[in-house]
Amino acid sequence: LALLFESYDLSMLTSALKQIADDLGMAERDLGGYLGTIRLGALPALAIVPLADRLGRRRLFLGSLVGVSFTTVATALAGRPATFVAWQMATRAFLVVGTSVAIVIVTEEFPAARRGWAIGVMGAIASSGHGLGALLFSQIERLPYGWRALYLVGVFPLLLLPQFRRGVP
């Protein structure tokens, strides 16, 4: 499910970019720079993921879900381009950490004969995030708060945290 939220978040950023830019007063000529900066948010994950061996994979994974949830909801509340970009950079870092650790957890927890199947299921679930994003984006004109409602979906990982705490070894 962490992968589902990652692909959902990526799809929202590109799908709703016009609405976000219009609402926050982002000039079209600056959008590429904003997107590039947001994607740089993945770089801190390179330093954070190795901490899984010290802090524990489960703890880091669950912490990244809390971080994703918080920063995605905060994105919905952004009032300026710089704030939007900062929250999305942080979201990207948490998403990459969560995804990386999830892959390690699945790889270690499944027997060798089932690992390929498990990674395949993770990929299928991840792809569903783009589908969910497309479905919700198709309703952007009907959703209260427009593009911001799409980011409020970020509260769901936090709501699922008790289930993840029980289910993640």
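Q: Before anything else, what relative accessible area counts as buried, and what as exposed?
A: Buried means under 20% relative accessible area, exposed means over 50%, and partly exposed is in between. The model is a predicted one.

Q: Fine. Is tyrosine 145 buried or exposed, then?
A: Tyrosine 145 has a relative accessible area of 67%, and the cut-off for exposed is over 50%, so tyrosine 145 is exposed.

Q: Where is tyrosine 145?
A: Tyrosine 145 sits in the loop between α8 and α9.

Q: And what is the phi of tyrosine 145?
A: Phi of tyrosine 145 is near 75°. That is a positive value, in a residue other than glycine.

Q: Where does glutamine 139 sit?
A: Glutamine 139 is in the loop between α8 and α9. Its relative accessibility is 29%, so glutamine 139 counts as partly exposed.

Q: What about leucine 13 and glutamine 139?
A: Leucine 13 and glutamine 139 are 126 residues apart in sequence, and 15 Å apart in space from C-alpha to C-alpha. Leucine 13 belongs to helix α1, residues 2–15. With 0% relative accessibility, leucine 13 counts as buried.

Q: Which residues of α8 are buried?
A: Ala118, Met122, Ala126, Gly129 and Gly133 are buried in α8.

Q: Why would residues three or four places apart in an α-helix point the same way?
A: An α-helix has 3.6 residues a turn, so residues at that spacing point the same way.

Q: How do α7 and α8 pack?
A: The axes of α7 and α8 are 9 Å apart, at an angle of about 150°. Angles over 145 degrees count as roughly antiparallel, and α7 and α8 are therefore roughly antiparallel to each other.

Q: Is the crossing of α7 and α8 left-handed or right-handed?
A: α7 passes α8 in a right-handed crossing.

Q: OK, now α6 and α7. At what angle do the axes cross?
A: The axes of α6, residues 57–76, and α7, residues 81–109, cross at roughly 150° and come within 8 Å. α6 and α7 are therefore roughly antiparallel to each other. The crossing of α6 past α7 is left-handed.

Q: What residues make up the contact of α6 with α7?
A: The contact of α6 with α7 divides into 15 nonpolar, 8 polar and 3 charged residues.

Q: While on α6, is leucine 62 buried or exposed?
A: Leucine 62 lies in helix α6. Its relative accessibility is 9%, so leucine 62 counts as buried.

Q: How far is leucine 62 from leucine 161?
A: Leucine 62 and leucine 161 are 7.4 Å apart in space, C-alpha to C-alpha, and 99 residues apart in sequence.

Q: Next topic, the aromatics. How many aromatic pairs are there?
A: With ring centres within 6.5 Å as the cut-off, the count comes to 5 aromatic pairs. One of them joins phenylalanine 110 and tryptophan 117, with centres 6.2 Å apart and planes at 50°, so the pair is tilted.

Q: Is tryptophan 117 buried or exposed?
A: Tryptophan 117 has 54% relative accessibility, so tryptophan 117 counts as exposed. Phenylalanine 110, at 29% relative accessible area, is partly exposed.

Q: What about the pair of tryptophan 147 and tyrosine 151?
A: The pair of tryptophan 147 and tyrosine 151 is edge-to-face, at 5.8 Å centre to centre with 80° between the planes. Both tryptophan 147 and tyrosine 151 are buried.

Q: Where do tryptophan 147 and tyrosine 151 lie?
A: Both lie in helix α9, residues 147–152, where they are 4 residues apart, about one turn of the helix.

Q: Which residues form one aromatic cluster?
A: Phe84, Trp147 and Tyr151 form one aromatic cluster.

Q: Last one. Where is arginine 165?
A: Arginine 165 is in helix α11, residues 161–167. With a relative accessible area of 52%, arginine 165 is exposed. The C-alpha atoms of arginine 165 and arginine 39 are separated by 29 Å, and the two residues are 126 residues apart along the chain.

Methods:
Residues are numbered from 1 along each chain as its sequence is written. This is a predicted model: local features need pLDDT of at least 70, side-chain atom pairs count only at pLDDT 80 or more; totals for chains, interfaces and linings use all residues. Side-chain values use heavy atoms; hydrogens and water are left out. Buried means under 20% relative accessible area, exposed over 50%, partly exposed in between (1.4 Å probe, protein chains only). Helices (H or I, at least four residues) and strands (E, at least two) are DSSP runs, numbered from the N terminus. Axes are lines fitted to C-alpha atoms, for helices over the stretch in contact, and angles run from 0 to 180 degrees between N-to-C directions. Angles under 35 degrees count as roughly parallel, over 145 as roughly antiparallel, 65 to 115 as roughly perpendicular and the rest as oblique. A crossing is left-handed if the near helix is turned anticlockwise from the far one by less than a right angle, and right-handed if clockwise. Ala, Val, Leu, Ile, Met, Phe, Trp, Tyr, Cys and Pro count as nonpolar, Asp, Glu, Lys and Arg as charged, and the others, Gly among them, as polar. Rings of Phe, Tyr and Trp (its six-membered ring) pair if their centres lie within 6.5 Å; planes under 30 degrees apart count as stacked, over 60 as edge-to-face and the rest as tilted.
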